[in-house]
Each structure stands twice: as C-alpha cells, then as structure tokens.
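Reader: Hi! I'd like to go through this structure with you before I set anything up. Could you walk me through it?

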Amino acid sequence: MTARTVNAQALSRDEVARYARHILLPGVGMAGQERLAAARVLVVGAGGLGSPALLYLAAAGVGTIGIVDADVVETSNLQRQVVHSDADVGRLKTSSAAETVATVNPHVTVVRHDVRLDASNALDVLRDYDVVIDGTDNFPTRYLLNDACVLLGIPHVWGSIYRFDGQVSVWWAGHGPCYRCVFPEPPPPGAVPSCAEGGVLGVLCAAIGSVQVTETVKIVLGLGETLTGRLLVHDALRMTWDTLPVRRDPGCPVCGDDPSITLATGLVDYEAFCGMPVGAVSGADPAAGPGADLPLVSVSSLAAALASETPPLLVDVRGDDERSIAAIPTAVAIHLDAFRDGTAYARRELADAVAAGRPVVIHCKVGGRSAEAARLALAAGLTGVASLDGGVLAWVHEIDPSQPEY
Ligand SMILES: [Zn+2]
C-alpha cells in the first residue's frame, strides 16, 4: 500500500530501548520507528475515542501529537475517557490529556488546540498533520473534518460509537472514498440520538479507538492493508467484526470528478448543512436548538410555577433509565416516541390537562427532545405547551444540585 510520506527522525539510546519490541517487528525496524518519531498525528476530540488513541499514539512513539478540544472534563466522561482522571474534572480536556501523554512518554511533543473546529479554522489547524484521527461525536464536525482532509490530501481515520456498536474506516481521497461518498446526507436533527442521550458502553471506546491507532500506525509505516475502501462494523453484544466494501462516488461534492467544494471555494457552513448547531465536541446534545418559534420556560420559572396554586403539567419525554439518574418531582413520563406516533394525546394526564386548559411543560435532558415533542404537540393543535430550557440538567444545576448530572 501507499504510505503517507513521512521523513525519519533519529532516535536516542533511551528511545531505542523503549521501542525495542517495535524495532524487532518485520516491516518496522529502526527505519519504521524513526518514521513514527517524525510523524505528526492530530486527534480531534479528547473524549471516548480520543482517550485510547492518545495513550497508544504516545506509547508508540508518534513524535508529534495534536489534540483538538474546547471542552472541560465532566464526571460523566470518566466512565470511558481514560486519558482523564477523577482529579481532572473541571480542567480543559487538552490540558489534562497533554499531561497524561507526557507521563506515558516524555519523548513525544504535544500540540494543544483549545478550539472548536469550524470552517474558518479547520484548514489551518489540520494543514501540518500527516494523519487525522476523528474522535468527534457530532455530524457537523465530522463533515467538516472530512472535507478539510480531502482538500488537504490527509488520510482521515474515522471512528464512531453508539451504545454497543462501533464503526471504523479510513477515508482518503485519491486512494478510496471519503466520508461523504458513503454518507452523502446527514440524518435529520434529532433522528440519531447522541451517546449523551442513548448511552455508550465505555470499553467500546477502547475497541474502536485502538483500531483507529492501528490504522494510523499502518499508514505512517506503509504496512499491510488499511481500511481504505472498507467499513469495519463492530457489534460488541454479538462480538462480531464485519467489513463491508465502500466505494468512491464520482458525483461526490468534495472528492468527485467535478467537486463543488474546493480550496478555491473554501469550506461550507456545516451547521446549516446538518441543520443543527455544532455544539460541544463531546457530551453535547446535537439536537438541542429549539428555534425562535417555540415557547421556552426557564427552570426558575418552572420551580415557581410548580410551587404555585395552579401548577402546570410537567411531562418527561426521556426513557426510564435516564429518569432513574435524575428527575424533576411531579413529572409524568410520556416518551418522545408517543408524541411521534400520536399516542401521547390519549394519555389521561395529558388529555385532562388539555381539557382543563392547564399549561403543559415538556422536558428532557437538555432540551432537544422536549423541543421536538413540544413542536409535535403544537402541530397537533394543543395550546399552552412549552419546552423546558436546558432540561433536567439545568434543573439539577440551578434548583436541585443533590441529584447527579449525566
Ligand atoms: Zn467523496
């Protein structure tokens, strides 16, 4: 296969001792380890996938490791983001991750990018790297990274996780398809739940993130067959790993025969393309974004209203497992799916409230799903319906800190 062109960098005596098990490998040797020392790899997202990726890139002796993240470590990250520890909660993820990398291997250089990638900065951040590892969890950043990598000719080692399933591929223009060739359209906002909403098995991150590092090392060394042109699909519950062939689309807007996105035109508006705000690289609810037309209620107004003589009906559209972590007292559980299929309106509590002209406040975790449910209810002819701004997390934050955030 074709290797990414990386020059070699001479190793010190200490480094030779450290990397001896690599140097013994057929196809690696001293020359291969020197290539790793000269390689520059960018990890976008120091979260679930970025954590194992950073640890193994550091241990492998990849000489320059870039880390992109603008978020701080939260308690709910620690179940899977193993590059951070308990004492790091509240710190910038790039700072915590850079410190961990330095303790794993002092011979590597870390470059911190404490930014949220967007169309205005992505090309500048990515330009000097040999390989990009995609550890993002939202669609706008994923398409942005894809397009920037295609325009710069950088291999894009993509991974994705949800609940018990993972996927990996290497998108590389000129060698195989790009992400857009295989996934030309983002799903509608809210159609695909995020890990923050749907959950993710922590150790799945290690399985998928380590495959991403394997592919990165192979690209730098020019070893074996990468996942270029193949989609690796992992099901942890069945413990299966399948590969599916994927092809370049000659009509692809970025890597096709007549591209509409070029270095001359520049990158596009990825939030608009995906119909949602970029949000945080990790932990955010990408469906959040209620729009201007939807009535919103703050948690402080809700607390006052619930304590009044005429409290509104509060409806929680989350699942039972989420409700078992944190909940607002008096909330009635009516799942978002019931608003989608129309069965919600037959529920006695809701029907009684509507008949009595009692206001209805709908809530979820941060406001994305409740906004959808409120819109559906308004479209179904209900009046006096509002969505709780910031969801149960805002409630926990401002009203009842005794409950856990998640
Ligand atoms: Zn393409």
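Reader: Great. What is the mean pLDDT of the chain?

Author: This is a predicted model, and the mean pLDDT of the chain is 91. Of its residues, 94% reach 70 or more.

Reader: Where does pLDDT stay under 50?

Author: Over residues 277-290. The model has 43 contacts beyond four places in sequence for that stretch. Where pLDDT is low, the predicted coordinates should not be read in detail.

Reader: Noted. On to the metal: which residues coordinate the zinc ion?

Author: Four cysteines do, each through SG: Cys178, Cys181, Cys252 and Cys255, at 2.2 to 2.3 Å. Along the chain these donors follow the spacing C-x2-C-x70-C-x2-C. Cysteine 178 and cysteine 255 link distant parts of the chain, being 77 residues apart. Cysteine 178 is in the loop between strand 6 (165-171) and helix 8 (179-182), while cysteine 255 is in the loop between strand 8 and helix 11 (270-274).

Reader: Nice. Switching to the fold: in what order do the 5 strands of the open sheet come?

Author: The order is 9-13-12-10-11, and the pairing is parallel. Strand 9 (296-297) and strand 11 (332-333) are the edge strands, each pairing on one side only.

Reader: How many bridges join strand 10 to strand 12?

Author: There are 4, with strand 10 covering residues 313-316.

Reader: What about strand 12 and strand 13?

Author: Those two pair in the parallel sense over 3 bridges, strand 13 being residues 385-388. Isoleucine 362 stands opposite serine 387. Together with helix 16 (residues 368-379), strand 12 and strand 13 make a right-handed β-α-β unit.

Reader: Which way do the side chains of strand 12 point?

Author: Val360 and Ile362 point one way, Val361 and His363 the other, and all are buried. In a regular strand the side chains alternate between the two faces of the sheet.

Reader: Okay, new topic. How do strand 7 and strand 8 run?

Author: Antiparallel: 6 bridges join strand 7 (residues 230-235) to strand 8 (residues 240-245). They form a hairpin with 4 residues between them, and aspartate 235 stands opposite threonine 240.

Reader: Which turn residue there has a positive phi?

Author: Methionine 239, at about 50°, although it is not a glycine. Methionine 239 counts as exposed because its relative accessibility is 54%, over the 50% cut-off. Arginine 163 also has a positive phi, of about 55°, without being a glycine. Arginine 163 is in the loop between strand 5 (156-162) and strand 6, and is partly exposed at 39%.

Reader: Last one: what is leucine 244 in contact with, leaving aside neighbours within four places in sequence?

Author: Leucine 244 is in contact with Gly229, Arg230, Leu231 and Val233. Leucine 244 lies in strand 8 and is partly exposed, at 41% relative accessibility. Leucine 244 and serine 308 are 58 Å apart, C-alpha to C-alpha, and 64 residues apart in sequence.

Note on methods
Residues are numbered from 1 along each chain as its sequence is written. This is a predicted model: local features need pLDDT of at least 70, side-chain atom pairs count only at pLDDT 80 or more; totals for chains, interfaces and linings use all residues. Side-chain values use heavy atoms; hydrogens and water are left out. Two strands pair if DSSP finds at least two bridges between them. Buried means under 20% relative accessible area, exposed over 50%, partly exposed in between (1.4 Å probe, protein chains only). A crossover is right-handed if, with the strands pointing away from the viewer, the path from the first strand over the helix to the second runs clockwise. Donors are N, O and S atoms within 2.8 Å of the metal (3.2 Å for Na, K and Ca); water is not among the atoms, so sites may look incomplete. pLDDT is the predictor's confidence in each residue, from 0 to 100. Contact means heavy atoms within 4.5 Å.
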